[in-house]
Amino acid sequence: MEDRVLGRTGRNVSVVGLGCWQLGADWGQVDDADALAVLHAAVDAGVTFLDTADVYGDGRSERLIRRFLAERAADVMVATKCGRRADPHVPAAFTPENLRAWTDRSRANLGVERLDLVQLHCPPTPVFSGDEVFDALDELVAEGSLAAYGVSVETCDEALTAIARPNVASVQIILNAFRRKPLEQVLPAARAAGVGIIARVPLASGLLSGKYDEHTTFAADDHRTFNRHGESFDVGETFSGVPYEVGVEAARSLAEVAEGLGVSTAALALRWIIDQPGVSVVIPGARNADQARANAAAEQLDPLAEDTLAAIERVYDERVRAHVHGRW
């Protein structure tokens, strides 16, 4: 699989990684055996970047990755996140003491002395403008607890503020065929600054798999049920903020484009992200080994032709733009 440098970390990672939220919680039940099978299948397919967080299943995702790494010698980079354990989730919670406690917990969960990459987990917007949090992260790097740090953001403005920080190694942001706004300023700014871009929610919570319709239902403990309108966290994390019925119709239009190319809708959606200048790694999730292998295989597709790119953009402009472009 193609490798790309992940920004200021200086490390090469596979252009398709694995998002591990679903291995912890909030996507319905994924048992330990299936979760470990997903990890093995992804790495077997060439994945060398795993993205998790301390709140995914209250540490379950991190601990499963520790078990996986104990089962095989794998040269992978593990990125985790911190900050969402704060209750309430307010700027005052992001103290040096809390940052140290959160990262120490992740080190224990993952069984490592030094974390490869820690990302602030969509912190409140004021955190991006203050120095205290970033000074504390610099200190943790100097001590050897972290190799590097980045931020996971909700909005393009937050991303641009983070990119301007001298020691932010990477920015994780929602980027997919239904969320194109980062192409305008964020990706060019990241490229100019040498900051890595981790593209999350690449399949719009499964909408871009092309498998859902108006009658699809999800489990009660799946965020696609309990956060459909932003009841628990930012609605942009669920179906990329696109109203479900709108997303289903837009996905049908993209499925027609994919069918014309003889590929799956998901593969088309992932290849579109890979083709965007400035993207370091895209992190689709997977609930089973077959999905993990299929996601990794999207990297093998040829870069998309101009007429295909134009067709994808038309779907966005005609069906999706009005619902999301001005919000994030």
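I take a helix axis as a line fitted to C-alpha atoms over the stretch in contact, with angles run between N-to-C directions. The model I consulted is predicted.

**Entry: two helices**

I looked up helix α1 (residues 32-44) and helix α2 (residues 60-71), whose axes come within 10 Å and cross at roughly 60°. Angles of 65 to 115 degrees would count as roughly perpendicular and those under 35 as roughly parallel, so α1 and α2 are oblique to each other. I recorded the crossing of α1 past α2 as right-handed.

I then listed the residues in contact. On α1 they are Asp32, Ala35, Leu36, Leu39, His40 and Val43, and on α2 they are Arg60, Leu64, Ile65, Arg67, Phe68 and Glu71. Sorted by class, this contact has 7 nonpolar, 4 charged and 1 polar residues.

**Entry: the sheet**

I traced an open sheet of 8 strands, paired in parallel, in the order β3-β4-β5-β6-β7-β8-β9-β10. Its edge strands, β3 (18-19) and β10 (281-282), each pair on one side only.

Within the sheet I examined β8 (residues 168-174) and β9 (residues 196-200), which run parallel and are joined by 5 bridges. I found Ser170 opposite Gly196 of β9.

**Entry: salt bridges**

I noted a count of 21 salt bridges. I followed the one between Arg85 and Asp58, in which the closest N and O atoms are 2.6 Å apart. Arg85 lies in the loop between β5 (77-82) and α3 (96-110), and Asp58 in the loop between β4 (49-51) and α2, so this pair ties together parts 27 residues apart in sequence.

Methods: Residues numbered from 1 in each chain as written. Predicted model: local features only at pLDDT ≥ 70, side-chain atom pairs only at ≥ 80, totals over all residues. Heavy atoms only, no water. Pairing = 2+ DSSP bridges. Helix = DSSP H or I, 4+ residues; strand = E, 2+ residues; numbered from the N terminus. Axes fitted to C-alpha atoms, helices over the stretch in contact; angles between N-to-C directions. Parallel < 35°, antiparallel > 145°, perpendicular 65-115°, else oblique. Left-handed = near helix turned anticlockwise from the far one by under 90°. Contact = heavy atoms within 4.5 Å. Nonpolar A, V, L, I, M, F, W, Y, C, P; charged D, E, K, R; others polar. Salt bridge = Lys/Arg side-chain N within 4 Å of Asp/Glu carboxyl O.
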